[in-house]
Amino acid sequence: MGKNNHKEPAGSVVIEDAVVADYAVQAILSVDGVVRLVGGIADSLSRNILGWDTGTQGIRITREEDHVTVSVHLVAAYGVNIPQLSYDIQNRAKESIETYTGLTVDAINISVEGIERK
């Protein structure tokens, strides 16, 4: 069954949230203007206290059946147009997730946590 505890009939394919997050990360980091993804307090706690490293710092997947919502925390490059960057990230991540997993992306929420020079 996997970590998601989704009840699936025998013979069905289950796409884990980590796979969805990986497609999102690849798509987001390919957008010009994204410096890096940053984790929140939950990522910090799980990595430092519990010793868990999900490998998807800065991305959170919320899922209901075959619909997903992605929350992204990132640092943007200095001088980048933030609304355009957000639009590009949303389009690229949505296309990647839907193309490679067959899931439906309901929303991609972006939080710009900081600005840095590249």
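Author: Welcome! Let's start at one spot: Val75 has Gly114 in strand 4 standing opposite. This is a predicted model, in which local features need pLDDT of at least 70 and side-chain atom pairs count only at pLDDT 80 or more, while totals for chains, interfaces and linings use all residues. Residues are numbered from 1 along each chain as its sequence is written, and side-chain values use heavy atoms, with hydrogens and water left out.

Reader: How do you know that strand 3 and strand 4 pair?

Author: Pairing requires at least two bridges found by DSSP between two strands. Eleven bridges join strand 3 to strand 4 (residues 104-116), so the pair qualifies, and the two run parallel. Within strand 4, Ser111 is the bridge partner of His73. Strands here are DSSP runs of E with at least two residues, and helices are runs of H or I with at least four, numbered from the N terminus.

Reader: Which strands does strand 3 pair with in the antiparallel sense?

Author: Strand 1 (residues 34-37) pairs that way with strand 3 (residues 67-77) over three bridges, and Leu37 faces Leu74 there. Strand 2 (residues 59-64) does likewise over six bridges, with Ile59 opposite Val72.

Reader: What makes the unit of strand 3, helix 3 and strand 4 right-handed?

Author: With the strands pointing away from the viewer, a right-handed crossover runs clockwise from the first strand over the helix to the second. Strand 3, helix 3 (residues 82-101) and strand 4 form a β-α-β unit of that hand.
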